[in-house]
Amino acid sequence: MPAVTIRLHGAFAEFAGGRRASVEAETVGGALAALVERYPALRERLRDEHGALREHVAVFANEDEMGTREGERTPLREGDVVHIIPALSGGRI
Amino acid sequence: MTKPRVAILVGTKKGLHVFRSSASRSRWAHEGPYFAPQPVYHASFDPRDGESVYAAVNATFGGPRIEVSRDLGRTWTTAANPAFPAGSDLTFKRTWHLEPGHASQPNVLWAGVEPAALFRSDDRGISWQPVRAINEHAERPHWSPGGGGLCLHSVGIDAADPGWMTVGISAAGVYETRDGGKSWTNGNAGTRSPLPRGESLLGRCVHHLVAHPTRSGVRFQQNHTGVYWRDGTATRWTDRSAGLPSDYGFAAAIHPHDDATAYVVPLHDRLRQAPPPGIAVYRTRDRGASWKRLASGLPRGAQLEVMRESMAADRLDPAGIYFGTTNGEVWASADEGRSFSQVAAYLPAVLSVSTITS
């Protein structure tokens, strides 16, 4: 299984207690699952009770927002980087 | 014997601020903000164990969560989220109110959330179960969101009967249980609707509801259409708006010892700011039959806004009265409202004010 790096940005680094994690996963969804297994406190920060990814979370596979590819089924290769980023959704009052 | 101490828990748009004082309530030490920059809709002290504080942190990034402190708000642990059951088309969006249960149920805590629902914890806030009888109430299809969304924002626990609870939902109105949450009835009788609904009891717009902490049956609410009082086993609310400058407002507090005394901050119904001549607390000492304007120490002419959860009393004698404003001020009275002094200014918008008396 490919070894990939997950980089946690902004508030998500606080929830995991670090900015970087290494996991083995074949897809973006698999990488997120492996991350949550390691850091259970992240589960409710990333997903709602029905398993849907929360609003205001952007997930990138390297430089591609996963929605522009195959979502959580986006395949990963050895050395890929998955970014979990607070979505750029400022301006709300 | 330890001298009593007081703290004000101030939930703001960007975190929870805590102000602590001796019983004199003349000087306040500031702590926080905790959880900044996330909005804190409510924080609640648990007088049953004298150590727990609960906070409703409604984060944009990472979603809503409930935080639990066992040391009066100095350190915090994240609880499991309230969660709608599998198959529900509802998703937990934010927490509006956290209410310690009856004194005879020391581990029970209640959470009012959005979308409008009630959750119960039996382990002092660590985990939550939905109260399905209210969450799936037959009248739910008739509930519609108010300006803040469709939320359950008020939980009143009867002083004597742990099975008797009264909740406020915007915009649905008041619902009540006499069997600890197994069944719920519409409790809107006596209140007016802002809409032409005829005799229907659906669609009332309760803004904030409180139950008296020591007198069974006493309920008090600030509604979109006025201030209403209910005593004892009465089944209808009595309109007690006469004497106030406006029917409209959000904040409401009840005196901790005197069951005939309560406080509101009337607002202009369109501007949602204090009407001329400016910000004031109104106090009744006769269950709303008459009202007195209290503004000593408050800025003259300031048309400030006070949100639904932003006024509270402490439990000392004489009682302290506190409120916060959306322009980031916190005001305190150590003499039951006769005079006020400023505790803080330039905070982020204040969303909630509650107290610790320990």
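Chain B contacts chain A through 11 of its residues, which meet 13 residues of chain A; contact here requires C-beta atoms, placed from the backbone, within 7 Å of each other. The side of chain B that touches chain A holds 4 nonpolar, 6 polar and 1 charged residue. In this division Ala, Val, Leu, Ile, Met, Phe, Trp, Tyr, Cys and Pro are nonpolar, Asp, Glu, Lys and Arg are charged, and the others, Gly among them, are polar. The model is predicted: local features need pLDDT of at least 70, side-chain atom pairs count only at pLDDT 80 or more, and totals for chains, interfaces and linings use all residues. Residues are numbered from 1 along each chain as its sequence is written, and chains are lettered from A and ligands numbered from 1 in the order in which they are written.

Chain B contains 1 helix and 28 strands. Helices (H or I, at least four residues) and strands (E, at least two) are DSSP runs, numbered from the N terminus. The radius of gyration of chain B is 19 Å, close to the 21 Å of the globule rule for 358 residues, so chain B is as compact as a globular protein of that length. This radius is taken over C-alpha atoms, and the rule is 2.2 Å times the number of residues to the power 0.38. The C-alpha trace of chain B spans about 50 × 45 × 40 Å along its principal axes. Of its 358 residues, 53% count as buried. A residue is buried if 20 or more other C-beta atoms lie within 10 Å of its own, exposed if 12 or fewer, and partly exposed in between, with C-beta atoms placed from the backbone. Among contacts in chain B with a separation of 6 or more, 50% come from residues 24 or more positions apart.

One open sheet of chain B has 4 strands in the order β16-β17-β18-β19, with antiparallel pairing. Its edges are β16 (206-211) and β19 (238-239); each has a single partner strand, so one side of each is left without a neighbour in the sheet. Two strands pair if DSSP finds at least two bridges between them. In chain B, β17 (residues 219-223) and β18 (residues 226-230) pair in the antiparallel sense over 5 bridges. Within this pair, B:Q222 has B:V227 of β18(B) as its bridge partner.

Strand β1(A) is joined to β2 (residues 20-24) of chain A by 5 bridges, and the two run antiparallel. A:V4 stands opposite A:V23 in β2(A). Strand β1(A) also pairs with β5 (residues 81-86) of chain A, in the parallel sense, over 4 bridges. Here A:R7 is opposite A:H83 of β5(A). Side chains in a regular strand alternate between the two faces of the sheet.

A:M1 lies in the segment before β1 (3-8) of chain A. A:M1 counts as exposed because it has 11 C-beta neighbours inside 10 Å. Beyond its neighbours within four places in sequence, A:M1 contacts A:E24, A:A25 and A:E26. The C-alpha atoms of A:M1 and A:A25 are 5.9 Å apart, although 24 residues separate them along the chain.

Several backbone features of chain B stand out. Most residues other than glycine have a negative phi, and most peptide bonds are trans. A cis peptide bond links B:G32 to B:P33, with omega about 10°. B:P33 is in β3 (residues 29-34) of chain B. B:P33 is partly exposed because it has 19 C-beta neighbours inside 10 Å. Not counting residues up to four places away in sequence, B:P33 touches B:K14, B:G15, B:L16 and B:H17. Another cis bond runs from B:D317 to B:P318, with omega near 5°. B:P318 is in the loop between β24 (311-313) and β25 (321-324) of chain B.

B:R25 has a positive phi, near 55°. B:R25 sits in the loop between β2 (15-22) and β3 of chain B. With 22 C-beta neighbours inside 10 Å, B:R25 counts as buried. For B:R272, phi is also positive, near 55°. B:R272 is found in the loop between β21 (262-266) and β22 (281-284) of chain B. B:R272 has 16 C-beta neighbours inside 10 Å and therefore counts as partly exposed.

Definitions and conventions: Two residues are in contact if their C-beta atoms, placed from the backbone, lie within 7 Å.
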